[in-house]
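Welcome, and please open the structure in your viewer. We will go from stop to stop, selecting a few residues each time.

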Amino acid sequence: MTQRLTLLFAILALVIAAFSTASAQEVKVVKFAELEKLRQQPHDTLYVVNFWATWCKPCIKELPYFEAVNKQYQGQPVQVVLVSMDAPQDLEKRVHPFVQKRALQSRLLLLDETDPNSWIDRLEPKWSGAIPATMLFNNKRKQYEFVERELSEEELQKLIVKYKP
Amino acid sequence: MKKIKLPLIYMVCLLLAGFLMAATPAGNTGYQVGDTARDFELKNVDGKMVSLSDYENAQGFIVTFTCNSCPYSVAYEDRLIALHNKYAPKGYPVIAINPNDAAVSPEDSYANMQQRAKEKGFPFPYLHDETQEITKAYGATRTPHLYILKKGENGMYKVAYIGTIDDNSRDPKQVQKRYAEAALNDMIAGDQVKQPNTKAIGCTIKWKEA
């Protein structure tokens with residue numbers, strides 16, 4: 001009897017473990033300063049920072065491409081960061097359910113700032129403010145590229161191959 | 001005379017061309033503040049064509065690229081109506097232009113525009129830029145995107161402000177900086193617009209698929 005129980009618990013534990021690894025990343029709510037810090041990371045790593053929102057259709061279309069990159073370069077110096085432009089008030093009712101449903105595995109930030117005019121130019125003067133927008137950079141190698149439009153899977157893959165250390 | 005190595009010349013030419021290309025801002029083809037804005041003739045939701053030249057008494061215009069499908073545009077609808085009601089009597093009416101291709105974004109079809117204009121009771125025209133020619137000429141990249149024009153002495157309209165309505169799309173009650181109103185007040189007072197360019201997060205324009 002006890003053996004069976006132990007077995008049952010072991011199976012249960014395995015199931016829980018399996019589920020928890022498949023569950024989504026936490027969304028970290030940040031201020032602009034944190035975004036600036038990310039932009040300055042000195043490591044020999046390719047950062048792929050995508051600006052999106054749950055209400056943005058073209059953003060949602062390209063999200064799986066970023067997720068694929070995140071998975072494909074696991075353990076390599078390529079880091080995908082998805083920065084949500086959703087309102088912090090929508091975190092519980094919109095962003096969390098969205099992130100859970102799609103089990104997003106990339107690093108997730110939500111920018112809690114109201115006046116985009118005060119920070120867009122400090123991040124990228126070429127950015128008019130439309131999303132989706134994506135920046136790729138490796139500060140160690142002084143590499144940088146900014147794209148203010150929807151990317152196809154092929155375009156994104158090409159950019160990664162071009163810059164990955 | 002020394003023989004000049006041709007490949008070297010080619011390389012120098014290529015380098016020069018590269019520098020020249022890098023010096024011209026890529027994709028920055030639309031209007032900048034100070035440029036003369038062209039007139040247009042676009043179909044309003046009431047079926048009539050609308051042009052800047054139809055407005056004899058206008059001192060300028062609040063040309064706003066906006067749409068049905070972008071939550072940021074929707075969030076600003078009431079504020080756009082208020083802006084029109086405040087500034088049209090002062091000579092600066094709103095003209096709203098939907099730049100999105102209806103095939104790519106069905107919510108922005110002409111019929112849906114008519115319905116939205118009716119629901120909200122837009123006191124200004126809501127025009128459809130079907131060919132996207134005007135959107136490209138102005139250089140709009142997102143919705144909402146404002147171009148405030150001011151009539152010059154020659155009767156031509158110059159771009160005096162490009163940007164956003166205010167600093168808080170989410171919550172009108174939390175607004176602290178009314179960028180568009182500040183620009184309009186400068187213009188009406190005959191002053192230089194102190195902050196002629198502002199930015200905001202918005203939706204990409206849904207361009208026709210080639």
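Two strands pair if DSSP finds at least two bridges between them. Keep in mind as you look around that this is a predicted model.

**First stop: a hairpin in chain B.** Select residues 145-151 and 157-163 of chain B, the strands β8(B) and β9(B), which pair in the antiparallel sense over six bridges. Find K151(B), and you will see Y157(B) of β9(B) opposite. Five residues lie between the two strands, and in this hairpin G155(B) has a positive phi near 85 degrees.

Is β8(B) mostly covered or uncovered? Mostly covered, as six of its seven residues are buried.

**Now the contact between the chains.** Chain A brings 18 residues to the contact and chain B brings 17. On the side of chain A that touches chain B, α5 (120-123) and β5 (130-131) each supply at least two residues. That side has ten nonpolar, four polar and four charged residues.

**Last stop: the largest nonpolar core.** Among its 85 residues, V48(A), I131(A) and I148(B) touch the most other members. Strand β2 of chain A, residues 46-52, gives the largest share, six residues. Finish by selecting V48(A), whose contacts include F66(A), V80(A), L136(A) and I160(A).

Definitions and conventions: Residues are numbered from 1 along each chain as its sequence is written. Chains are lettered from A and ligands numbered from 1 in the order in which they are written. This is a predicted model: local features need pLDDT of at least 70, side-chain atom pairs count only at pLDDT 80 or more; totals for chains, interfaces and linings use all residues. Two residues are in contact if their C-beta atoms, placed from the backbone, lie within 7 Å. Helices (H or I, at least four residues) and strands (E, at least two) are DSSP runs, numbered from the N terminus. Ala, Val, Leu, Ile, Met, Phe, Trp, Tyr, Cys and Pro count as nonpolar, Asp, Glu, Lys and Arg as charged, and the others, Gly among them, as polar. A nonpolar core is a set of buried Ala, Val, Leu, Ile, Met, Phe, Trp, Tyr and Cys residues joined through C-beta atoms within 7 Å. A residue is buried if 20 or more other C-beta atoms lie within 10 Å of its own, exposed if 12 or fewer, and partly exposed in between; C-beta atoms are placed from the backbone. Lists of a residue's contacts leave out its neighbours within four places in sequence.
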